[in-house]
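Work through the following exercises with the coordinates open, and try each task before reading its solution.

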Number of protein chains: 2
Amino acid sequence: MSSEHELTLRQREILRLIVKEYVQGSRAVGSHTLIDRYPLRISSATVRNEMASLERMGYIHQQHTSAGRVPTDRGYRFYVENYAVESALPPNDQIMIRHQFRQVETQLESWLQLAASVLAGFAQNVSLVTSPKPSVSRLRHFELLSLNERSVLLILVTQESTVRQGMLHLADEVSQQSLSACADRLNLLMANLTADEARAKTTDLSGLDRIVCDHVITTLSATQASATELHYHGVEHALQQPEFAGSDAAQQLFDLLRGGALLSELLPQLTHGDDIQVFIGEENRSEDLWPFGVVVATYGVDQEVTGLLGILGPRRMPYERSISSVRYMARLMSDLMRDLYTARDA
Amino acid sequence: MSSEHELTLRQREILRLIVKEYVQGSRAVGSHTLIDRYPLRISSATVRNEMASLERMGYIHQQHTSAGRVPTDRGYRFYVENYAVESALPPNDQIMIRHQFRQVETQLESWLQLAASVLAGFAQNVSLVTSPKPSVSRLRHFELLSLNERSVLLILVTQESTVRQGMLHLADEVSQQSLSACADRLNLLMANLTADEARAKTTDLSGLDRIVCDHVITTLSATQASATELHYHGVEHALQQPEFAGSDAAQQLFDLLRGGALLSELLPQLTHGDDIQVFIGEENRSEDLWPFGVVVATYGVDQEVTGLLGILGPRRMPYERSISSVRYMARLMSDLMRDLYTARDA
DNA sequence: GTTAGCACTCACGCGCGTGGAGTGCTAAGT
DNA sequence: ACTTAGCACTCCACGCGCGTGAGTGCTAAC
């Protein structure tokens, strides 16, 4: 169980090929298939010897005698560190993606949707996405529209250009004029404030202003909280992976996705570095995640508004492709959002 | 292959029990299990005779000699017509659902989400939902907010209280004052118009007004079109059904859901009646739907804004439960939305 | 019209044998 | 000292045959 700097060049190459082959073919790979498929200038016997070494060092594993080798978490880790972390998405893929984004509405929701779909497609696995969550939201502007005698539609825009709507039910009938006047007053008062600041500054209101103001504040804080929801996409791809053929593994996956507990199991192990993070099998903190591999990155503007974006699949996962596409998407999303968020100074 | 009015009371009862038993247990049901499980005052031999009749009439089928019976499409149809169409959701379930709706934001998106989740849970299958689509959208009000020098955020509210946002990129720098003035002008001009009417009435605009106006019209028509998207929910439930254990059937299901073709295969067979519609197996027009059963209802206000709401599962589906829950949800959603849509006169 | 009895039919589960992929080891070659 | 051919060995996957049991249809008696 010595560390990786003891790996010879040839061992590294063999390990690389084992991972690559196993990820592609999803079948334990033997010495023979390896020399068959790749122009190694050595014999299968030599490969076998090296495999034995690699196994002793814990990089690969055989499920039983006379079966091919399968990478261990450590083997994947080696592969990721040495061949995947630096990888970039092929230029034509980049172009293809940008093109798709150009064809879609300039709207956060559409972007998230598209990002999830693209990621899932590239990695052939489930993609994970959260809305970007501002650490704290500031009100930019809100509007009141009379729906009927007692119902009012509240539309609220934050400094980050998130639009939220809410309903407001009043005890008395109020005209659109009164509503507009009220909105004008309060907009002046509360512009640019966070929920907390607004709460402090508006203690002396009463009547309609009071009611509306409370509702605005509630909606504003809800904007912060409710964004912390993990959406997933592309289950159909994951189901095609042979790992999920027997319904037991598929069930595990769904249990993970359904409960909404996934995010809380994922978050604690994320550091705030801004590059890709990869967790393979038992590297995950939560046992529920041990059968899986996760590739995630944060995206957003500055450190103030960040969302999560990643891929979840079996341990046997195309890490190189996953990493490059997640990284690319994270950067793209950050770029796209900068437009909206730099409006802060307007 | 004679029609059902020839069924004796006893045959009807036996057929009913076969369907019930098979839906519950997902295993072909034999004469023995039937008299075992239910207090029929007849022997298994008699049941066998009746089963033979039912089979001759095409209500049930046996996969091979010496296997139990399984309902045919016709058998399910009989069950649905006679025992399911009238069924109502148990009162405590109704209360439970209403309670859940009370705990959620007064917002269309949240409602749809919850409705989908409830339906999927009740029927233990995939639920289908479309946003309510107005046959034609009228503008109520829009707003322009300067993001930065050249980017403008457009927020648009339709008469049905749907809120949409869009981005607008200008060639020249424009101040928030100019934007507000422009919005005021155009709001006066275009209020209460459909996209088409607005297009006709605003031919003589130019400059900023022209650009903004075009954008508003585009966004407005997009509101109509883009709502025609079918969302699904609760795949995890469906996967637990033994029908989808082998990945082949599951794959079929996902192919159906993914492509987005489902809606176009479903729509042509829907009539505009406002009650539940059920399609069992080969009753479906599209061959892709033959392995499945579908229960759908439209919801909405008047005939002008309608959405779709339903359940998709294997032919062996709890039709009674599905029908009652879909119907209940459709009514509930219609009720909930009436608030928003009756605001038309405001 | 109903029922007991019986012969018959298949799917399903189980044990078994075999083929083959893959290994580790040894001995010879470079 | 490293590589490689050869070989014996291991063990999973797969196919086959068979017994079992659930379920039937038919017939004859009630």
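This is a predicted model: local features need pLDDT of at least 70, side-chain atom pairs count only at pLDDT 80 or more; totals for chains, interfaces and linings use all residues.

Residues are numbered from 1 along each chain as its sequence is written, and chains are lettered from A and ligands numbered from 1 in the order in which they are written.

**Exercise 1.** Compare the reach of helix α6 of chain B with its expected span.

Solution. Helices are DSSP runs of H or I with at least four residues, numbered from the N terminus. Helix α6(B), residues 108-123, has 16 residues. The expected span is 1.5 Å times one less than the number of residues, and the 22 Å from first to last C-alpha is close to the 22 Å expected.

**Exercise 2.** Determine the exposure of A:Gln124 and of A:Asn192.

Solution. A residue is buried with 20 or more other C-beta atoms within 10 Å of its own, exposed with 12 or fewer, and partly exposed in between, C-beta atoms being placed from the backbone. A:Gln124, in the loop between α6 and β3 of chain A, is partly exposed because 18 other C-beta atoms lie within 10 Å. A:Asn192 has 12 such neighbours and therefore counts as exposed. Phi is positive at both, near 50 degrees for A:Gln124 and about 75 degrees for A:Asn192.

**Exercise 3.** Find which element gives the most to the surface near DNA strand D.

Methods: Helices (H or I, at least four residues) and strands (E, at least two) are DSSP runs, numbered from the N terminus.
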